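This report is intended for a reader meeting the structure for the first time. Please keep the sequence and the 3D view at hand while reading.

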Amino acid sequence: MGLLDGLRVLDLTMWRPGPYATQLLGRLGADVVKVEPPGGEPMRAFRDHFDVLNRHKRSIELDLKSADGLARCLELAADAEVFAEGFRPGVADRLGVGYARLREAAPALVYCSISGYGAEGPLSDVPGHDVNYRAYAGALPGDATSAGADLAVADMAAATMAAFAITAAVLKARETGIGERIDLAMADVLADWVETSPDMAGADAPVPGYGVYPTKDGRTITLGVVSEDRLWAATCRALGLDRHADVPFPRRFERLEELDGAVADAVAGLTRDEAVARLSAEGAPVAPVLTRAEMLAHEHFRARGVGAGPVRTANHGGPSRGEVPELDEHRGEGWRLTK
């Protein structure tokens, strides 16, 4: 039994943020029915992306521009607890599946819209993708040149926030019988992160020993020293910087450029694996910068079962890896779970 067994989710989202949000719910036991347009979600052309985002779901193919397709979607929505869509603002209404229409048949429905800039505001109609939302939110370095290849932070952050907001809204709806309209913008989530973070503009590192450091073999490591004297001392011992080991935090902060430069120079003289081994042996907060393949092969993540989901529970069934639905595989099926 999963934590969300009995939760019925009708998923009209595509690409990355919406499908990941609904998959998070499905991993915990929700019955997720994925509604795909004729021909299937465009992401199916990229199966390495589609498959990892759409496990734990069932698929039906519906043409919402046809009377029969719209009628079937409305039938499913009337008995759902959650409706998720990722269209640009206004599109769901034009298709006949907007919030105002669906809540007439299901007053307790939790309706979640995920978009780049939200349903309202000067940017609401502006197209974009992850890198654009990061840029507007102040979450992208001004000199970034390879941002497009980075982890899709805006997409994944918004998806996680959406799953959290949906779950909270469902709890309230079950208590009161009154549903909710969630307007969740990817740029808003990152802007909230940035707003709650200190402004470190102009600093190469916030304190000595914190940041990303290149090694002599062209790889990189990360160090995570902040104010802890013991972690700073361990880092210094590992890197042959014993003369700096006893410098207290206030003085380290004042000597930022000098001390962080010494750390960077010492790391640059070692290979990545040498640096990690030395720093780990002394108890310093070090981690290698791994590729995706290296992460998946790492003993820690293999032991943690990465791929099944990030949530671990003690008293209810944990998430399985789940199956990927083929297009329209579940045509004619209704909801599997009772509320």
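## Overall architecture

The model described here is predicted. The chain contains 14 helices and 9 strands, and its C-alpha trace spans about 75 × 45 × 40 Å along the principal axes. Of its 339 residues, 44% count as buried. Among contacts with a separation of 6 or more, 69% are between residues 24 or more positions apart.

## Surface and charge

The accessible surface of the chain comes to about 17,600 Å². Carbon and sulfur atoms account for 54% of that surface.

The chain carries 37 positive and 50 negative side chains. The centres of these two sets lie 4 Å apart.

Thr-13 is located in the loop between strand 1 (8–12) and helix 1 (17–27). Its relative accessibility is 1%, and it therefore counts as buried, the limit for that class being under 20%.

The side chain of Thr-13 makes a polar contact of 2.5 Å with the side chain of Asp-11. Beyond its neighbours within four places in sequence, Thr-13 is in contact with Gly-18, Pro-19, Thr-22, Lys-34, Glu-41, Ala-84, Glu-85 and Gly-86.

The structure holds 5 aromatic pairs. One of them, formed by Phe-83 and Tyr-111, is stacked, with 4.9 Å centre to centre and 20° between the planes. Because Phe-83 belongs to strand 4 (residues 82–85) and Tyr-111 to strand 5 (residues 110–115), the pair ties together parts that are 28 residues apart in sequence.

Are the two partners buried or exposed? Phe-83 has a relative accessibility of 0% and counts as buried; Tyr-111 is buried as well, with a relative accessible area of 1%. Phe-83 and Tyr-111 also form one aromatic cluster together with Tyr-99.

## An edge-to-face pair

The ring centres of Tyr-117 and Tyr-136 are 5.6 Å apart and their planes stand at 90°, so this pair is edge-to-face, a class that requires an angle over 60 degrees. The pair links distant parts of the chain, 19 residues apart: Tyr-117 is in the loop between strand 5 and helix 6 (130–136), whereas Tyr-136 is in helix 6.

Terms used
Residues numbered from 1 in each chain as written. Predicted model: local features only at pLDDT ≥ 70, side-chain atom pairs only at ≥ 80, totals over all residues. Heavy atoms only, no water. Helix = DSSP H or I, 4+ residues; strand = E, 2+ residues; numbered from the N terminus. Buried < 20%, exposed > 50% of the residue type's maximum accessible area, 1.4 Å probe, protein only. Polar contact = N/O pair within 3.5 Å; in protein donor to acceptor, adjacent residues only side chain to side chain. Contact = heavy atoms within 4.5 Å. Areas by Shrake-Rupley, 256 points an atom, 1.4 Å probe, with all protein chains shown as cover. Lys, Arg positive; Asp, Glu negative; His and termini not counted. Charge placed at Lys NZ, Arg CZ, Asp CG, Glu CD. Phe/Tyr/Trp six-rings, centres within 6.5 Å; stacked < 30°, edge-to-face > 60°.
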